Amino acid sequence: MIAGLVLRSLDRGALAFLATLAAIGVLVPVLNFLVPATSPFHLSSYFVALFGKYLCYALLALSIDLIWGYCGILSLGHGAFFALGGYAMGMYLMRQIGTRGVYAHPVLPDFMVFLNWPELPIYWYGFQHFAYAAFMVLFVPGVLAFVFGWFAFRSRVTGVYLSIITQALTFALMLGFFRNNFGFGGNNGLTDFKDILGFNVQAPPTRAALFMSSMLALMLGFIICRVIVSSKFGKVLVAIRDAEARTRFLGYRVEAYKLFVFTLSACMAGVAGALYVPQVGIINPSEFSPGNSIEAVIWVAVGGRGTLTGAVLGAVVVNYGKTYFTSGVLAPYWLFVLGGLFVAVTLLLPRGIVGTIHHHWREWRERRRITGGAPYAAARPAE
Amino acid sequence: MRAFSDRLIALVFVVAALAAVVTAARAGPYEDGLLRFTADSFDETIEGINAVATSGNALAAQIIGALQEGRLLFSANEKRVFVREPPDRLIDAASGRPLAGNAPSDLAPVRLNNRLRRIVEAALGGLSLMAPDAGRRLEAAQAVLKSKDANALGALDQAISRETDAGVKQALIEARAAVVLYLDAASDADKIDAIALIRQRGDQDALGLLGGLPVSASPAVKKAATEAIASIENSLAFWNALQNAWYGLSLGSVLLLAAIGLAITFGVMGVINMAHGEMVMLGAYTTFVVQQLIRARNPALFDYSLAIAIPLAFLVAAFVGILIERGIIRFLYGRPLETLLATWGLSLIMQQGVRTIFGPTNKDVGNPSWMSGSFDLGLITITYNRLWIIVFTLLIFVGLLALIRFTRFGLEMRAVTQNRAMAASMGIRTSRIDALTFGLGSGIAGLAGVALSQIDNVSPNLGQGYIIDSFMVVVFGGVGNLWGTLVGAFTLGIANKFLEPYAGAVLGKIAILVLIILFIQKRPRGLFALKGRAVEA
């Protein structure tokens, strides 16, 4: 039954997209390992890690697109769920360091030894087990989103108000995680990781495996989103986006729909963060900064809100641009570009890249249908 | 009458003659004390210090000071003491005149150990109790209050009887009370009197004095001290609350300044302007530029720099605001989420622009003389810059209310807000009003920048620190209501400062954010929500 649901939800475009993702997921490690370093087709391990990072961003963008594009919830604090997932994974990785830390303490991470903590705080218990950490990656962002959403949606906080308080949420979390006595490494965050599941985090095979896991997570996330938005449930979400009051009057429990999709989206963001941390090797409180969350929203806007594929594309394109700009002499101008992108996309390209292509494609097909296969003939009737 | 003045003159003569005799005979306590320095024994030196310090001789302070610095020399053979003045000059300690003729061959410095150094310090403190400068006397009295040195008692009594300045006298009396309180020889009645005196002082020092009483004190004294401590703690708590309230007012005024422009653009027009903080920053940088020009061209005008910067900052920010409205925001009316993203992008561009032009470092914006310094009100300290900012904020607030209430522009602004179509059909050029309203909100942000440049670092990130707080204020106070913004800003400011001592600055801020998030759940449209038709418009 589930298979049927999945198959029905995947149209030709979605299948093509998934096939592309899968091909990249296989091709990149192959080009990294099997092609000799002298060949022009060889991809360095640096590139694998970089692209893996983009995939995590893409998953985050996907989670934002699900709620913003299909349900009209503009969260400016999704970076918080991303970072929480990242911290859960970071805690697992910290516990894996064991005695290889600077202070060689068997249980306490370095920063706790440094701060003279006598023992491990209770909320760090269990993180030496991968399964527990993986559960927490979903659980912590999910619970936060559920509680926050339960309060917010039930009292009908919508639109920009919701955006502002989500921003305040991530801001508050950032201030908290910056504090040393929160027990998450304060300013420096968690870093200096050694192993994940017994494999060296830095080793190229591990990196390739993480890359492929990110790709799998992204594909899975895409399928889940696709199933949701093409089901009847998804139609209700779109109805809520376009006319919330009317949907409520039709008898739908708007809050319940929003709460479900918001919590799901937070869990997806958490997974993205968890895959992100071992690939970049650090998680610190600046991931909570409101600017990061807003930047993630602009990826979605650039790619095309409400298209899913657009979110993935936007995240990769914008982040590639960021890497390109910030690693060269153009570094001081990156913020001009990013800021200009915000303005230009909202003013000139409100549908985003994919949305605009879709729009023109549909118009073109429509015209062809009307005029019977002559696309360039005068399609519009005289006024 | 004649006889009286004659007798007075005679008395003066007698006194003068006696003084001359005493000096000539070299037999006063001062000279005795000097002699003891020549014995080269620590115990004798202590006697010498005490004798010299209590002698009342004008040279005493100089001698003890020289002793402290190792410049006091003695000759055991000639039984004389000298002070070495920096360019190798010897001064006879007895007469204060430079030494004529050859110096004695066996000159050696008077030696000190740690015990003596403490005594020297106390003696110096006692001596400066009678210094000609009132400021130094006050300092000396405070020092005695802290040291509770019993040796200073004599000097204190003498100083109290001679003191003319009321403030210094009070300090001396309190210092004496502190000494008496810790003097084993003093009677319980004296000690209880002293406690009463210290209790009146009522500050942290007094608390320390009373709290540190030795265990050996008698029960009556202890009881009086405990009562005094309780009363002082009460009054301290009261002043503490006042001080917190003042800090809260100050923070509230800063929040209000930053939020009031937002209350216009967001509250009245419904436009989310994430670049609002950058308007504040523009105002601050305008102040910086004005001050730079004044420093370079005409430093005498520096005290007026803010008066020049205020209109300029308003104009600069308002101009940029109108540009933004005409260039971007007017295409996005009715799409608040897109407006939010576009203005966020603008804020990035403006920050980076300022960073490119002025550099990433903090700029030095000076306080004019009338804004620096502070004064004490009871036990709280009020700085002039904070005070002026509160006044400035309230002036802006009142001015804005009057503008909206009484001018034609204000009327048209309200009309457009309430019913755009109707206002347009009555002949109001709504797009012009939109631009001007946005310009007004931005201009006020520029004014906020002038004020904030006085208390905050002027850097490209100046505005970012205020944007979330400002939105919180507007949302908390209620959208579309300036009074709500006022109440919201001061409530948040004061709540923040009262939470800080218990939770620390960061946790206090987090607590406030969480409280606001919870509050919005309860009243999604703020404290002073609009009612009726305007709500859904």
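Let me begin with a term: two residues are in contact when their C-beta atoms, placed from the backbone, lie within 7 Å. With that criterion, 33 residues of chain B contact 37 residues of chain A. Please bear in mind that this is a predicted model.

Which helices of chain B each supply at least two residues to the side that touches chain A? They are H14 (336-358), H19 (464-477) and H21 (505-522). The largest share of that side, 14 residues, comes from H14(B). In terms of residue class, the side of chain B that touches chain A comprises 25 nonpolar, 5 polar and 3 charged residues.

I turn now to chain A on its own. Chain A contains 15 helices and 4 strands. A compact globule with 383 residues would have a radius of gyration near 21 Å, and the 22 Å of chain A agrees with this. The C-alpha trace of chain A spans about 80 × 60 × 50 Å along its principal axes. Of its 383 residues, 43% count as buried. Among contacts in chain A with a separation of 6 or more, 77% join residues 24 or more positions apart.

Next, the nonpolar cores. The largest has 196 residues, of which A:Leu59, A:Ala61, A:Leu62, A:Val297 and A:Ile298 touch the most other members. Helix H3 (residues 45-71) of chain A gives the most to this core, namely 17 residues. Leaving aside residues up to four places away in sequence, A:Val297 touches A:Ile64, A:Trp68, A:Leu74 and A:Leu76, as well as B:Leu341 in the other chain. There is also a second, separate core of 57 residues, which includes B:Ala53, B:Ala175, B:Ala178 and B:Ala228.

Note on methods. Residues numbered from 1 in each chain as written. Chains lettered and ligands numbered in written order. Predicted model: local features only at pLDDT ≥ 70, side-chain atom pairs only at ≥ 80, totals over all residues. Nonpolar A, V, L, I, M, F, W, Y, C, P; charged D, E, K, R; others polar. Core = buried A, V, L, I, M, F, W, Y, C linked by C-beta atoms within 7 Å. Buried ≥ 20, exposed ≤ 12 C-beta atoms within 10 Å, placed from the backbone. Rg over C-alpha atoms; globule rule 2.2 N^0.38 Å.
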